[in-house]
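This briefing reviews selected local features and helix contacts of one protein model. The structure is shown first, and the points that follow are grouped by topic.

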Amino acid sequence: GKTGAAAMTGLAALRAGAGLVTVASSAAIPAVPELMTESLDAGLDTLAEGKTVIAMGPGLGRTPETDALVTHALTHLTQPLILDADALNVLANPWPPAPRSRPLILTPHPGEMSRLTGRPTAEIQSNRVAAARAFATQHAVTLVLKGQRTVIAFPDGRVSINPTGTPAMGTGGSGDILTGLIAGLLAQFPADPDAAVTAAVYLHGLAGEIGARALGEMCLIATDILEYLPDAMEECASLG
């Protein structure tokens, strides 16, 4: 019942400029003609062949099969890996995975961050920068702590605070869109993953702002972010 999340992630990767995107699912996903689809039954190693970036989690569900799938990705796949939603729960039970030579990007909201760290959500929210930096440096990951003024923490201790976004984006599917944008930009700019992640977060928030101005704060839905992504990209290009 959550295959729409995976479809939105795939569509966002396409909108970000990825040339080919495949969504693997155990059930049929909503029809998006531009997306290629595969069954998870094919096996993760087979599905990953020839792929540049792997994103996991949206719509995946919390099951033992999910745990096994994400654990295999962490220990066997060599591509940059983005984990969101249900995939993050695997890391909380327990951390850490095996060391990786490619980027590992986590995109938790505060509740998921609470499960990852074992700390109360209120404590994390009281000092988001410190919480994100500590986790990113301890576990050598890039951490995108979503929320008002999303925090991006890098393994070397650097932190960026994103200035874009709107409360209108607190709607189901917005995080799935962000995961897809990160995957799409990272696939195009593998030599500069930090900039790709930062740009994805910035564009995600800016597209949300533009959409909220056009549609109203109450009416914005997740796929509207993609509708206004070209405007956000054009606005950024005009500044440079």
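Leaving aside residues up to four places away in sequence, Ala-7 touches Ile-29, Pro-30 and Leu-35. The model is a predicted one.

**Buried residues in helices**

- Ala-7 is part of helix H1, which covers residues 3–15.
- With a relative accessible area of 5%, Ala-7 is buried, because buried means under 20%.
- Ala-7 and Ala-28 are 21 residues apart along the chain, and 9.9 Å separates their C-alpha atoms.
- Thr-66 belongs to helix H3, residues 64–76.
- The relative accessible area of Thr-66 is 4%, so this residue is also classed as buried.
- When residues up to four places away in sequence are not counted, the residues that Thr-66 touches are Leu-60, Gly-61, Asp-86 and Val-90.

**Loop residues**

- Glu-49 sits in the loop that runs between helix H2 (44–48) and strand E3 (54–56).
- Glu-49 has a relative accessible area of 56% and is therefore exposed.
- Most residues other than glycine have a negative phi.
- Ala-140, by contrast, has a positive phi near 55° and is not a glycine.
- The position of Ala-140 is the loop between H7 and strand E6 (142–145).
- Ala-140 is exposed, since its relative accessible area is 55%.
- Arg-149, likewise not a glycine, has a positive phi of about 60°.
- Arg-149 is located in the loop between E6 and strand E7 (151–153).
- A relative accessibility of 40% makes Arg-149 partly exposed.

**Helices H5 and H7**

- Helix H5 (residues 110–117) packs against helix H7 (residues 128–139) with the axes 12 Å apart and an angle of about 45° between them.
- H5 is therefore oblique to H7.
- The crossing in which H5 passes H7 is left-handed.

**Helices H8 and H9**

- Helix H8 (residues 174–188) packs with H9 at an angle of about 145°, and their axes are 8 Å apart.
- H8 and H9 cross in a right-handed sense.
- H8 contributes Ser-174, Ile-177, Leu-178, Leu-181, Ile-182, Leu-185 and Leu-186 to the contact, while H9 contributes Pro-193, Ala-196, Val-197, Ala-199, Ala-200, Val-201, Leu-203 and His-204.
- By class, 13 of the residues in the contact of H8 with H9 are nonpolar, two are polar and none is charged.

**Helices H9 and H11**

- Helix H9 (residues 193–215) and helix H11 (residues 229–239) cross at roughly 115°, and their axes come within 8 Å.
- At this angle, H9 is roughly perpendicular to H11, because the range for that class is 65 to 115 degrees.
- The crossing between H9 and H11 is right-handed.
- From H9, the residues Tyr-202, Leu-203, Leu-206, Ala-207 and Ile-210 meet Leu-229, Asp-231, Ala-232, Met-233, Glu-235 and Cys-236 of H11.
- The contact of H9 with H11 consists of nine nonpolar and two charged residues, with no polar ones.
- Leu-203 of H9 takes part in the contact with H8 and in the contact with H11.

**Cysteines**

- The structure contains zero disulfides.
- Cys-219 has 52% relative accessibility and so counts as exposed.
- Cys-236, one of the H11 residues that meet H9, counts as partly exposed at 24% relative accessibility.

Notes. Residues are numbered from 1 along each chain as its sequence is written. This is a predicted model: local features need pLDDT of at least 70, side-chain atom pairs count only at pLDDT 80 or more; totals for chains, interfaces and linings use all residues. Side-chain values use heavy atoms; hydrogens and water are left out. Axes are lines fitted to C-alpha atoms, for helices over the stretch in contact, and angles run from 0 to 180 degrees between N-to-C directions. Helices (H or I, at least four residues) and strands (E, at least two) are DSSP runs, numbered from the N terminus. Angles under 35 degrees count as roughly parallel, over 145 as roughly antiparallel, 65 to 115 as roughly perpendicular and the rest as oblique. A crossing is left-handed if the near helix is turned anticlockwise from the far one by less than a right angle, and right-handed if clockwise. Contact means heavy atoms within 4.5 Å. Ala, Val, Leu, Ile, Met, Phe, Trp, Tyr, Cys and Pro count as nonpolar, Asp, Glu, Lys and Arg as charged, and the others, Gly among them, as polar. A disulfide is a pair of cysteine sulfur atoms within 2.5 Å. Buried means under 20% relative accessible area, exposed over 50%, partly exposed in between (1.4 Å probe, protein chains only).
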